[in-house]
Amino acid sequence: MRFSIIVSEVIAFLSVAVFAAPNEITPRENPVAIPAKLIPESIVNATALGVDVWGPVPDDATKGNGFYTATPGTLGWAWIRAQQDLGSYEDLLESRGLLPSAAVEKRQTTSITVNAYSGDWCTGSAWHFTNPAYNVRVLPSENSFWYSFGFSYRTLRANENVQLRRGPYNGDRCQTWHGTINGPTQAGICWQIASTTCFEMKQT
Ligand SMILES: *[C@@H]1O[C@H](CO)[C@@H](O)[C@H](O)[C@H]1NC(C)=O
């Protein structure tokens, strides 16, 4: 009798330990533990700050016309950077039957978004443009320069491209074309680009 109680306590302890293992994410709405090695670093980082990557953009991000912007070290920045890896992460979880359906239902983005960064390799201040329309030149209201780009939720399709443009400070920020990112793009890429102040998404 006494032995069997001890055994069941040991089993209870072990199962708690499995679910409470550090570096695992347990989405609040779904008690499925996702192995830490599957989680992209940007999502680990955001979650460590208490950011729900499937939830709305944190309050400390600044809202602009069709975009959010955030500086490094803020919750908003962690959220924006994590969005970039969310689509491929969801695909991976889905392929293993681990995708929490409640999370996907509240996901903020349903189509492509463009993340632009003031630093190389998706660092520095971040701008998150939601579902940019085709053939519209997009530039934030402020005088910002971008040196890297990433795509959120989905990648560029084969018939899509992003035209990179730039122009002078306090002038026409879309003045000259200097490069194109052509679809189809792979997930998880951070594009290193020459100084860019404006972009335009196109469909061919
Ligand atoms: C995650 O956080 C670490 C530590 O601050 C940092 O070095 C790393 O660049 C971050 N990863 C991403 C993808 O932002």
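I began with the side of helix H2 where Glu41 and Ala48 are exposed. The model is a predicted one, and I keep that in mind for every entry below.

**Entry 1: H2.** Next I looked up which residues of H2, spanning residues 41–48, are buried, and found Ser42, Ile43 and Ala46. Looking down the helix axis, I see these buried residues within an arc of 95°, so they line one face of H2. An α-helix has 3.6 residues a turn, so residues three or four places apart point the same way. What do the buried residues of H2 pack against? I find helix H3 (75–95) there. Just after H2 I noted Gly50, which has a positive phi of about 85°.

**Entry 2: ligand shell.** I then listed the residues around the ligand: Glu41, Ser42, Asn45 and Arg81. H2 supplies the largest share of this shell, three residues. Sorted by class, the shell holds two polar and two charged residues, and no nonpolar ones.

**Entry 3: core.** I turned to the largest nonpolar core, which has 39 residues; Ala46, Val53, Trp79 and Ala82 have the most contacts inside it. H3 gives the largest share of this core, seven residues. I checked Val53 in particular: leaving aside residues up to four places away in sequence, Val53 touches Ile43, Ala46, Thr47, Trp79, Ala82 and Leu86. For context, nonpolar side chains in soluble globular proteins tend to be buried together.

**Entry 4: whole chain.** I counted four helices and 10 strands, running α-α-β-β-α-α-β-β-β-β-β-β-β-β from the N terminus. Of the 204 residues, 31% are buried. Among contacts with a separation of 6 or more, 68% join residues 24 or more positions apart.

**Entry 5: six-stranded sheet.** I traced an open sheet of six antiparallel strands in the order E1-E2-E4-E3-E6-E9. Its edges are E1 (62–63) and E9 (191–196); each has a single partner strand, so one side of each is left without a neighbour in the sheet. Two bridges pair E1 with E2 (residues 67–70) in the antiparallel sense, and I find Thr62 opposite Thr69 of E2.

**Entry 6: four-stranded sheet.** Which order do the four strands of the other open sheet take? I read E5-E10-E7-E8, with antiparallel pairing. E5 (137–138) and E8 (176–182) are the edge strands, each pairing on one side only. E5 and E10 (residues 198–203) run antiparallel and are joined by two bridges; I note that Val138 has Phe199 of E10 as its bridge partner.

Entry 7: I found a cis peptide bond from Gly183 to Pro184, with omega near 0°. Pro184 lies in the loop between E8 and E9.

Cys122 has a positive phi near 60° without being a glycine. I place Cys122 in the loop between E3 (113–117) and E4 (126–130). Is Cys122 buried or exposed? I log it as buried, because it has 21 C-beta neighbours inside 10 Å.

Tyr153, also not a glycine, has a positive phi of about 65°. I place Tyr153 in the loop between E6 (146–152) and E7 (160–166). I count 21 other C-beta atoms within 10 Å of Tyr153, so I log Tyr153 as buried.

Methods: Residues are numbered from 1 along each chain as its sequence is written. This is a predicted model: local features need pLDDT of at least 70, side-chain atom pairs count only at pLDDT 80 or more; totals for chains, interfaces and linings use all residues. A residue is buried if 20 or more other C-beta atoms lie within 10 Å of its own, exposed if 12 or fewer, and partly exposed in between; C-beta atoms are placed from the backbone. The arc is that of the directions from the helix axis to the C-beta atoms. Two residues are in contact if their C-beta atoms, placed from the backbone, lie within 7 Å. Two strands pair if DSSP finds at least two bridges between them. A residue is near a molecule or strand if its C-beta atom, placed from the backbone, lies within 6 Å of it. Ala, Val, Leu, Ile, Met, Phe, Trp, Tyr, Cys and Pro count as nonpolar, Asp, Glu, Lys and Arg as charged, and the others, Gly among them, as polar. A nonpolar core is a set of buried Ala, Val, Leu, Ile, Met, Phe, Trp, Tyr and Cys residues joined through C-beta atoms within 7 Å.
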